Amino acid sequence: MARLLQAPPKFHPSEWDIANKMQCASTESQKSRSEHMMAESWRLLDETEKTTQKTQSDVNKKIEQRREEIKFWKRELDNKLEQIVHETEVLLTFKTRLEKSLESCKEPLLVAQKRAGIDLVHDKVEEELLKEAEVLQGVIALLGRTLEQTNEQIRLNRSAKYNLEMDLKDKFTALMIDDYCASLTNNAPDIRCADNAVKIEGNFVSPEDWISFSNINVEKADKQRNNSLALRVLIDGILSQTANDMRKQCEMVNVAFRKRVKEVKDAKHKLETLLAVVLDETASQEVNIAALKKAIADKEGPVKVAQTRLQARNHRPTVELCYDTVQDRLINEVQEITKNIQRLKDTLAQAEAELKGLSRRQLSLEEEIQIKENTLYIDEVLCLEMRESVYINNF
C-alpha cells in the first residue's frame, strides 16, 4: 500500500527539452517521407496510366492487324474452297460419263460371249468377236482404272475441301473472338479478372507456323485442282479414243455376222432333216419292241402247260413212271419254248438298246438344233439387229 501511494519519478528539465526536440525531429522526418511517397505515387500514377494507355492502344492496333490478317486468309481460303468445290462438281460429271461408258461396254461384251457348244467354232465371226471382246475388255479395264483414278482424285479434292473448311471454321472462330476483343473497353460490363490468363497453356503455334498452315492448305487445294483439271483432259481423250476403237471393230464384226448367219441356217436345216429320219425310225422300233414283248408274253401259256404236264406225270405210280415218247416230247417242248423266249428277250434287249441309241441321237440332234437356234437368236437377233441399231456414244 505504501508503494501504491509513492509519487511518480521526476525528470530533469534537460530531459524534458530533449524529449520535445525528439518529437519534433521525428514528426518532420515522417512528414518528409510521406511527402516524398506522395510525389513518387503521383509520378507512378502518371507513368502507369500513360504506359497502360500506350500498351492498350498498341494491343488494339495489334488486334486490328490480326483481324485483317485473318480476313485476308479467310478470303484466300474461301476463294480456294469455291474453286475446289466447283472443280469437284465438274469432275463428278466426268465420273458419271465414265460410269455410263463403262456400263455401255458390258452388253456388247456379253453378246460376244454367249455362243455355246459346237457353235463355239473359231470362224471369222469368232475371230472378229474375239478381237471385239479384246477391245471391249481393254476399254473396260482402261475405263475402270480411269474411274478408280477419278474416284481417288475426288477423294483428294474432298480432303482438300475438308481441310479448307476446317481452317475456315477456325478462322471464323478466331475472328469472332478477336472482334469481341476489339469491342472491349475499360468500361465494358463483361470484363473481369482472370488470374491465370497470362499462363500459356494449350498448343500455341508461332505466327510463322500459323501462316504456313493455311498456306499449305491453299497449296494442296491448288495442287489437287490442277491434278483434277489434267485428269479431265485425260478422260476426254480416253472416252473419244475408246469410242472410235469400238466403232471400228463393231463394223468389222457385223460383216462377219451376216455371212455366218446364213451358214448356221443351212446347218440347222440339215439337222432338222436328220431329226425327222430319227423320229420315223424311233416309231418303227417302238412297234417292233411291242411285237417282241407280245411274243414273249404269248409264250408264257404254252410253257406253263408243258411244265404243268411234266409236273403231273412225275406223280405216276411205280412202273407207270415211264420215260415214254410223251415225256421226251414234253421235255423237248419246255426246252424249245424256253430257248425261243430267251432268243426273243435277247432280241428285245437289242431292240431296246437301239431305241435308246435312237433316243440319244434324237436328244443330240435336238440339242444341236437348239444350239443352232440359240446361235441364230444370238447372231441374228441379239447381235445383228441390236448391233445395227447400236450407236456408240463418246459420252
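Analyst: Glu152 and Arg155 are joined by a salt bridge in this predicted model, with their closest N and O atoms 2.7 Å apart. The two residues are three places apart in helix 2, so about one helical turn separates them. Glu152 is partly exposed, because its relative accessibility is 35%, and Arg155 is likewise classed as partly exposed, at 46%. Side chains of opposite charge can pair when their charged atoms come close.

Asp46 and Lys50 meet through their side chains in a salt bridge of 3.3 Å, N to O; both belong to helix 1 and are four residues apart, about one turn of the helix. Asp46 has a relative accessible area of 40% and is therefore partly exposed, whereas Lys50, at 53%, counts as exposed. A salt bridge also links Glu99 to Lys95, with the closest N and O atoms 4.0 Å apart. These two residues lie in helix 1 as well, four residues apart, about one turn of the helix. Glu99 is partly exposed at 35% relative accessible area, and Lys95 is partly exposed at 23%.

Trp42 has its place in helix 1 (residues 13-112) and counts as exposed because its relative accessibility is 63%.

The buried parts give the contrast. In soluble globular proteins, nonpolar side chains tend to be buried together. Here the largest nonpolar core has 21 residues, of which Leu91, Leu98, Cys105, Leu143, Ile235 and Met246 touch the most other members. Helix 1, helix 2 (124-183) and helix 3 (207-298) are the elements that give two or more residues to this core. Apart from this core lies another, of twelve residues, including Trp73, Leu164, Trp210 and Val218. Leaving aside residues up to four places away in sequence, Met246 touches Cys105, Val135, Leu136, Val139 and Ile392.

Lys171, in helix 2, counts as buried because its relative accessibility is 4%. Its contacts, not counting residues up to four places away in sequence, are Ile70, Trp73, Leu77, Trp210 and Ser214. Ser228, found in helix 3, has a relative accessible area of 0% and is therefore buried. With the same exclusion of residues up to four places away in sequence, Ser228 touches Glu87, Leu91, Gln153 and Asn157. Ser104 of helix 1 is instead partly exposed, because its relative accessibility is 31%.

Two features lie towards the later part of the sequence. Thr318 sits in the loop between helix 4 (300-313) and helix 5 (325-389), and has a positive phi of about 35° although it is not a glycine. Most residues other than glycine have a negative phi. At 72% relative accessibility, Thr318 counts as exposed. The unreviewed UniProt entry lists residues 327-375 as a "coiled-coil region"; in the model this span is 100% helix and 0% strand, and its end C-alpha atoms lie 71 Å apart.

Key
Residues are numbered from 1 along each chain as its sequence is written. This is a predicted model: local features need pLDDT of at least 70, side-chain atom pairs count only at pLDDT 80 or more; totals for chains, interfaces and linings use all residues. Side-chain values use heavy atoms; hydrogens and water are left out. UniProt positions are given in the numbering used here, feature names are shortened, and annotations may be inferred rather than shown by experiment. Buried means under 20% relative accessible area, exposed over 50%, partly exposed in between (1.4 Å probe, protein chains only). A nonpolar core is a set of buried Ala, Val, Leu, Ile, Met, Phe, Trp, Tyr and Cys residues joined through side-chain atoms within 4.5 Å. Contact means heavy atoms within 4.5 Å.
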